[in-house]
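Subject: Structure for your review

Dear colleague,

Please find below the structure I promised to hand over. My notes on what was found in it follow directly after.

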Amino acid sequence: MQNILAIWQREIKSYFVSPIAYVVLTVFLFLSGFFFFSYLNQVIQATMMQAQFGQGSQPIDVPGIIFKSLLQTTSVVLLFIVPMLTMGLFAEEKKRGTIELLLTTPVGHFQAIAGKYLASLTFLLILILTNVITILPLFLHGQPDWQPMLSGYLGMFLYGMTLLAIGLFISTLTENQIVAVMATFGVSLALFVIESFSASATGVAKSVIDYLSVMSHLEDFIKGVIDTSHIIYYVTFAFVGLFLAYRSLESMRWKN
Amino acid sequence: MIEVEHLSKVFNGRKAVDDVSFYVGKGEVLGFLGPNGAGKTTTMRILTCYMPSTEGTARIAGYDVFEESLEVRKRIGYLPENPPIYPEMTVDSYLNFVAKIKGTPAGQRMAQVDKVVEECSLGDVRRRIVGRLSKGYKQRVGLAQALLKDPEVLILDEPTIGLDPKQIHEVRTLIKGLASTRTVILSTHILPEVSMTCNRVVIINKGKVVAMDTPEGLAAQMKGAERIALIVDGPSEAIREKIHAIEGVISIQATDEKEGRPTSFAVECQLDTDLRPVLASTIVSQGWGLLEMRGVSMSLEDVFINLTTQEPTEADSSRR
Ligand SMILES: Nc1ncnc2c1ncn2[C@@H]1O[C@H](COP(=O)(O)OP(=O)(O)O)[C@@H](O)[C@H]1O
Ligand SMILES: [Mg+2]
């Protein structure tokens with residue numbers, strides 16, 4: 001436990017001494033704010049149109065719409081940000097040779113992975129919190145339904161958790177951070193866009209595609225539905241990523 | 001304390017370490033000497049459980065490095081070839097981190113860090129960022145890290161590389177001081193290092209052990225020959241032939257040869273025959289100019305060069 005904590009702490013500190021943390025936070029906060037206002041603007045215009053043409057029979061759930069759009073956008077933004085959080089986890093240790101220190105002390109492979117993964121999850125939580133701050137104005141002038149928001153953020157965390165595990169695994173495979181970033185982005189993007197093939201596929205292929213797509217599992221959460229099958233999907237995926245990372249570290253000690 | 005038996009490591013079909021065996025007793029300092037690419041780092045990485053061997057076994061304090069890796073890792077301090085530093089950390093926080101992952105209890109951590117800082121003379125830079133320190137200081141930070149938690153066995157890969165002469169002296173003194181209570185294996189490609197710090201030397205070349213002895217023993221082993229340096233003005237081919245024909249001469253090699261200029265030779269002769277008068281008269285009688293003649297006694301340096309520049313087949317046969 002001491003080992004996991006030590007590695008977690010070092011990793012968090014290293015995020016915040018390098019410019020990565022600040023660049024990522026700034027960009028994330030800027031994009032969240034930007035999209036928040038642009039969606040707000042769109043909804044206001046739609047409401048005004050509705051009022052003008054006298055179709056005001058059905059009230060529009062303004063905060064709900066803004067929140068859903070914002071979360072969908074955030075899921076895309078995370079595709080770009082997660083690879084930057086995971087690229088260094090192992091690749092940089094390999095590059096600097098500190099992996100030689102880590103693997104020749106009593107630190108276990110599991111502990112090394114756990115400490116680093118927890119650090120990246122911590123950063124993800126910080127990102128999600130900044131996103132929460134962005135939507136706080138919605139509570140100023142109304143009583144938005146907070147339950148879908150809670151489930152939306154839970155989904156977002158699970159979704160990020162999966163991407164982080166994939167990125168962590170890829171980071172164990174190379175000592176080049178650029179390669180790690182590109183490969184993680186590529187794999188995440190593939191899991192993200194695979195959904196678009198769903199419409200043209202049929203039968204088993206369709207259900208496989210629907211199951212693999214990271215996005216399709218997020219939609220229910222954003223609608224306010226917490227479905228255990230989606231939780232299982234994300235947790236399984238994250239577990240597979242971490243397990244592969246574990247095997248990848250182990251393989252360095254295998255006899256060929 | 002360290003037992004290595006028939007260790008081999010193959011990288012992509014090439015043997016980097018080839019059937020290496022040696023033993024280091026408790027409290028001994030073993031010098032692992034060899035030119036670059038000899039397989040020193042690879043051997044040390046196997047000993048520290050960083051990579052597995054292809055064949056053979058290694059045991060540290062009775063534990064197999066492959067089967068009982070955790071027990072081994074608890075007992076060693078390792079300084080890799082490149083100091084494993086996190087450049088963004090301060091010396092203090094780095095050493096604290098290493099103390100933590102080595103499992104030092106929180107209560108003893110401060111004292112442990114203070115101790116290695118003292119031992120490696122890092123007091124002045126404790127609060128500095130490791131990445132901005134000079135190469136020498138980085139090396140000492142790496143050494144300090146290896147000393148944390150007082151390991152029984154120290155494995156140091158080229159501990160004095162990149163240091164200035166004063167620092168080299170300090171580190172050697174430090175290693176000597178450590179040796180009384182610990183078992184140390186250190187690699188180097190610099191000769192004087194082993195004669196100064198080690199009880200025993202293993203010379204390794206192209207993955208194979210070519211010699212194993214005390215530094216004095218090795219020097220004595222090679223004392224089967226005397227060497228004379230010559231500078232002669234004349235046709236070098238003819239000079240070589242003529243001198244080689246003299247009785248008592250084992251070999252003659254041109255050490256510096258340029259067209260139209262006097263050639264330098266190194267002549268190896270049998271012990272206790274002073275060939276200098278014969279050499280001089282032979283050269284003069286041929287009408288060549290004898291510009292210089294000097295007796296050179298063989299040093300550990302020569303032993304090393306001799307052992308590591310021989311053809312592999314010769315090294316093989318001398319070992320068997
Ligand atoms: N990870 C590796 N993959 C492939 N070849 C390697 C690897 N590490 C070392 N080698 C090769 O093994 C040989 C011995 O290298 P090394 O142990 O680093 O020598 P030394 O430390 O004595 O200079 C070299 O020829 C080197 O190229
Ligand atoms: Mg080396």
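This is a predicted model: local features need pLDDT of at least 70, side-chain atom pairs count only at pLDDT 80 or more; totals for chains, interfaces and linings use all residues.

Chain A has ten helices and zero strands; read along the sequence, its pattern is α-α-α-α-α-α-α-α-α-α. Its C-alpha atoms fill a box of roughly 75 × 45 × 30 Å along the principal axes. Of the 256 residues of chain A, 49% count as buried, and of the 320 residues of chain B, 51% do. Considering contacts between residues at least 6 apart in sequence, 77% of those in chain A join residues at least 24 apart. For chain B, the corresponding share of such contacts is 67%.

**The interface between chain A and chain B**

The contact draws on 26 residues from chain A and 34 residues from chain B. About 2,700 Å² is buried between the two chains, and carbon and sulfur atoms give 58% of this area. Three salt bridges are found across the interface. One of them joins the side chains of A:Arg10 and B:Glu88, with an N to O distance of 3.2 Å.

Which helices of chain A each supply at least two residues of the side that touches chain B? They are helix 1 (2–17), helix 3 (62–96) and helix 4 (98–102). Helix 1 of chain A gives the most, with eight residues. By class, this side of chain A consists of eleven nonpolar, nine polar and six charged residues.

**The magnesium site in chain B**

The magnesium ion (ligand 2) is coordinated by B:Thr41 through OG1 and by B:Glu81 through OE, at 2.0 to 2.5 Å. B:Thr41 belongs to helix 1 (residues 40–47) of chain B, whereas B:Glu81 lies in the loop between strand 6 (76–79) and helix 3 (91–101) of that chain; the pair therefore ties together parts that are 40 residues apart in sequence. Are these two residues buried or partly exposed? B:Thr41 has a relative accessibility of 14% and counts as buried, because the cut-off for buried is under 20%. B:Glu81, with a relative accessible area of 29%, is partly exposed.

**Helix 3 of chain B**

Helix 3 of chain B is mostly covered, with nine of its eleven residues buried. Among them are B:Val91, B:Tyr94, B:Leu95, B:Phe97 and B:Ile101, as well as B:Asp92 and B:Lys100. The cover over the buried residues of this helix comes from both chains: it includes helix 1 and helix 4 of chain A, together with helix 4 (106–119) and helix 5 (135–147) of chain B. Just after helix 3 of chain B, B:Gly103 takes a positive phi of about 85 degrees.

**B:Thr214**

B:Thr214 is located in the loop between strand 10 (208–213) and helix 8 (215–221) of chain B. Its relative accessibility of 29% makes B:Thr214 partly exposed. Apart from neighbours within four places in sequence, B:Thr214 is in contact with B:Asn199, B:Arg200 and B:Val201. The C-alpha atoms of B:Thr214 and B:Ile85 are separated by 34 Å, and these residues are 129 residues apart along the chain.

**Within chain A**

In helix 9 (residues 216–223) of chain A, the buried residues include A:Ser216, A:His217, A:Leu218, A:Phe221 and A:Ile222. The buried residues of this helix pack against helix 3, helix 6 (146–171), helix 8 (203–212) and helix 10 (228–251) of chain A. Just after helix 9 of chain A comes A:Gly224, with a positive phi of about 100 degrees.

Helix 3 of chain A also holds A:Thr73. This residue is buried, with a relative accessible area of 13%. Not counting residues up to four places away in sequence, A:Thr73 touches A:Phe35 and A:Tyr39.

With kind regards

Conventions:
Residues are numbered from 1 along each chain as its sequence is written. Chains are lettered from A and ligands numbered from 1 in the order in which they are written. Side-chain values use heavy atoms; hydrogens and water are left out. Contact means heavy atoms within 4.5 Å. Buried area is the accessible area (1.4 Å probe) that two parts lose on being put together, summed over both. A salt bridge is a side-chain nitrogen of Lys or Arg within 4 Å of a carboxyl oxygen of Asp or Glu. Helices (H or I, at least four residues) and strands (E, at least two) are DSSP runs, numbered from the N terminus. Ala, Val, Leu, Ile, Met, Phe, Trp, Tyr, Cys and Pro count as nonpolar, Asp, Glu, Lys and Arg as charged, and the others, Gly among them, as polar. Donors are N, O and S atoms within 2.8 Å of the metal (3.2 Å for Na, K and Ca); water is not among the atoms, so sites may look incomplete. Buried means under 20% relative accessible area, exposed over 50%, partly exposed in between (1.4 Å probe, protein chains only).
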